[in-house]
Amino acid sequence: MSKLFICDHPLIQHKLTFIRDKNTNTKDFRELVDEVATLMAYEITRDIPLETITVHTPVAEAEARVVSGRMLGLVPILRAGLGMVDGILKLIPSAKVGHIGLFRDPQTLQPVEYYINLPTDAVSRTLIVIDPMLATGGSANAAIEALKKRGCFHLKLMCLIAAPEGIKAVQDAHPDVDIHVAAVDQHLDDHGYIIPGLGDAGDRMFGTK
């Protein structure tokens, strides 16, 4: 079973409060999401392996540690996931970025892939799938499945807010993918919105609400 990590750092929780607030304007909402993404990136990379090298300081030789092993990639789910990318890149500027576009079929209500573009070396990277909201889990599962079909199996999922229903759906479908969130909310309403949630992340981020 995949592990669920809740990033409960005080600064993350503080900023998340204002992200939820319906009175937060688009500019501030976007900046807060960017800041929380940076802080969450610090948490999600906690298990990156290190190796020891030798460096020469101005006064002596020293053994020091640097990141080693698998490189990272970011794969935001369009469009709301885009709002978290820059914040992560501030901390991990060497990460490459791919994109996955999904829409919901009005008849089946299932996510349909309409666009995917990945780094050429995606299969050799640990990919972080990014979407602010994990509601039903449909989009996250579709994105993860699309990546696995292309040979990418080293995956993590990063969201701001999740519903228990969405967490269960991802864990059932992809027990090998760990989930990192800033908060787990109460439940989904009849329309699939997270309660209390923060509304439509894409609309609030891009001013289309």
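Predicted model: local features only at pLDDT ≥ 70, side-chain atom pairs only at ≥ 80, totals over all residues.

The largest pocket has a volume of about 860 Å³. It is lined by 29 residues, and those closest to its centre are Arg 104, Asp 131, Met 133, Ala 135 and Ser 139. Which elements supply the lining? At least two residues each come from β4, β6, β9, α4 and α6. By class, 15 of the lining residues are nonpolar, ten are polar and four are charged.

The second largest pocket holds about 300 Å³ of space. Its lining has 15 residues, with Thr 45, Ile 48, Val 67, Leu 72 and Ile 92 closest to the centre. Here the classes come out as eight nonpolar, four polar and three charged.

Now the annotations. An unreviewed UniProt entry carries a "binding site" annotation that runs over Arg 79, Arg 104, Asp 131, Pro 132, Met 133, Leu 134, Ala 135, Thr 136, Gly 137, Gly 138, Ser 139 and Asp 200. Where do these residues sit in the model? Arg 79, Arg 104, Asp 131, Pro 132, Met 133, Leu 134, Ala 135, Thr 136, Gly 137, Gly 138, Ser 139 and Asp 200 are in the lining of the largest pocket.

Take Thr 136 from that set. Thr 136 is in the loop between β9 and α4. Its relative accessible area is 38%, so Thr 136 is classed as partly exposed. Leaving out residues up to four places away in sequence, Thr 136 touches Arg 104, Glu 165, Gly 166, Ala 169 and Leu 188.

A further "binding site" annotation, also from an unreviewed UniProt entry, covers Ile 194, Gly 199, Asp 200 and Ala 201. The lining of the largest pocket includes Ile 194, Gly 199, Asp 200 and Ala 201.

Gly 199 is in the loop between β13 and α6, and Ala 201 is in helix α6. Are they buried or partly exposed? Gly 199 has 37% relative accessibility, so Gly 199 counts as partly exposed. Ala 201 has 5%, so Ala 201 counts as buried; the cut-off for buried is under 20%. Apart from neighbours within four places in sequence, Ala 201 is in contact with Phe 29, Ala 80, Pro 132 and Met 133.

Next, helix α3, residues 82–91. Gly 83, Met 84, Val 85, Gly 87 and Ile 88 are buried in this helix. What do they pack against? The buried residues of α3 pack against α2, β4, β5, β8, β10 and α6. As a reminder, an α-helix has 3.6 residues a turn, so residues three or four places apart point the same way.

Last, the aromatics. The structure holds one aromatic pair. Phe 103 and Tyr 114 form this pair, with 6.3 Å from centre to centre and 40 degrees between the planes, and the arrangement is tilted. Phe 103 is in strand β6 and Tyr 114 is in strand β7, eleven residues apart, and the pair links distant parts of the chain. Phe 103 is partly exposed because its relative accessible area is 39%. Tyr 114 is partly exposed too, with a relative accessible area of 48%.

That is the end of my list.

Notes. Residues numbered from 1 in each chain as written. Heavy atoms only, no water. UniProt positions renumbered as here; feature names shortened; annotations may be inferred. 1 Å grid on protein atoms, 1.4 Å probe; cavity = no way out; pocket = protein on both sides within 12 Å on 5 of 7 lines; lining within 4 Å. Helix = DSSP H or I, 4+ residues; strand = E, 2+ residues; numbered from the N terminus. Buried < 20%, exposed > 50% of the residue type's maximum accessible area, 1.4 Å probe, protein only. Contact = heavy atoms within 4.5 Å. Phe/Tyr/Trp six-rings, centres within 6.5 Å; stacked < 30°, edge-to-face > 60°. Points joined across faces, edges and corners; volume = space filled by probe spheres on them. Nonpolar A, V, L, I, M, F, W, Y, C, P; charged D, E, K, R; others polar.
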